[in-house]
Amino acid sequence: MPPRALTPSGIILVDKPAGPTSFAIVAAVRRRTGARTGHAGTLDPFATGLLLLLSGAATRLQPRFVGLGKRYRTEIDLSGRTSTGDREGEIVEERDPPTGADLEGRLEALRGPVDLPIPAASAVKIDGERAYKLHRQGMAVEMPVRTMHVHELRLESYDAGVAQLELLVSSGTYIRAIAEALGGHCQTLRRTEIGPFRLEEADPELIIPPENALARLP
């Protein structure tokens, strides 16, 4: 049974590496602190960057943090789609990358509120089962469409069919869904901000007091 201690209480910012799941990071922090530990949003195993964890009594504050906007940097390979929307899936469609002008048009169509299907390899439940589990079993599932809000979408570079983007999006937005809408898949994905919290602040040993973290929220 996981530890249920209410102390230490506060917010922990972690820079997740590529490979482990977000739940593995949560479990490692829980073992180290001995406290109840939760999160305010996960990252895919291949992704890196900022995780906001809640420790001890601060886990009850989770609703205050899960809806915060998030900023990402990603490299999207526009030469084809994969089965997962990222580099870990199998290529399911190959194509010629768009021209720079065509890419700009596609990006413009994705700014603001956009309705996109949730990726099949996601933790969303379909008939009580996680979508990624059904996906791994080879089951074809019609994924629900979600309205995602893209507040900022900036093209930083485009070379050899790979677009480097920076995005500021609403909670619940899947960058892999945006990659698929552009006709490609994510090669890299790094979360750099969650609301007012920045990746540069990440320190798994530092516990931010709840009152200090709450004071920074809009």
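Predicted model: local features only at pLDDT ≥ 70, side-chain atom pairs only at ≥ 80, totals over all residues.
Of the contacts in the protein chain with a separation of 6 or more, what share comes from residues 24 or more positions apart? The figure is 70%.

First, the overall picture. The protein chain has 218 residues, and 44% of them count as buried. Its secondary structure comes to 6 helices and 13 strands. The accessible surface is about 10700 Å². Carbon and sulfur atoms account for 50% of that surface.

Now to strand β3, which covers residues 48–55. Is this strand mostly covered or mostly open? It is mostly covered: 8 of its 8 residues are buried.

Which strands pair with β3? I will take three of them in turn.

Strand β1, residues 10–16, pairs with β3 in the antiparallel sense, over 7 bridges. If you want a place to look in the structure, find Ile-12, whose bridge partner in β3 is Leu-53.

Strand β2, residues 37–39, also runs antiparallel to β3, and 3 bridges join the two. Here you can look at Gly-38, which stands opposite Leu-54 in β3.

Strand β12, residues 185–194, pairs with β3 in the parallel sense, over 2 bridges.

Next, the aromatic rings. How many aromatic pairs does the structure hold? It holds 1. The pair is formed by Phe-65 and Phe-197, with ring centres 6.2 Å apart. Their planes are at 45 degrees, so the pair counts as tilted.

Where do these two residues sit? Phe-65 is in helix α2, residues 62–65, while Phe-197 is in strand β13, residues 197–198. The pair therefore ties together parts of the protein that are 132 residues apart in sequence.

Phe-65 has a relative accessibility of 0%, so Phe-65 counts as buried. Phe-197 also has a relative accessible area of 0% and is buried.

To sum up, β3 has 8 of its 8 residues buried. β3 pairs with β1 in the antiparallel sense, with β2 in the antiparallel sense, and with β12 in the parallel sense.

Key:
Residues numbered from 1 in each chain as written. Heavy atoms only, no water. Buried < 20%, exposed > 50% of the residue type's maximum accessible area, 1.4 Å probe, protein only. Helix = DSSP H or I, 4+ residues; strand = E, 2+ residues; numbered from the N terminus. Pairing = 2+ DSSP bridges. Contact = heavy atoms within 4.5 Å. Areas by Shrake-Rupley, 256 points an atom, 1.4 Å probe, with all protein chains shown as cover. Phe/Tyr/Trp six-rings, centres within 6.5 Å; stacked < 30°, edge-to-face > 60°.
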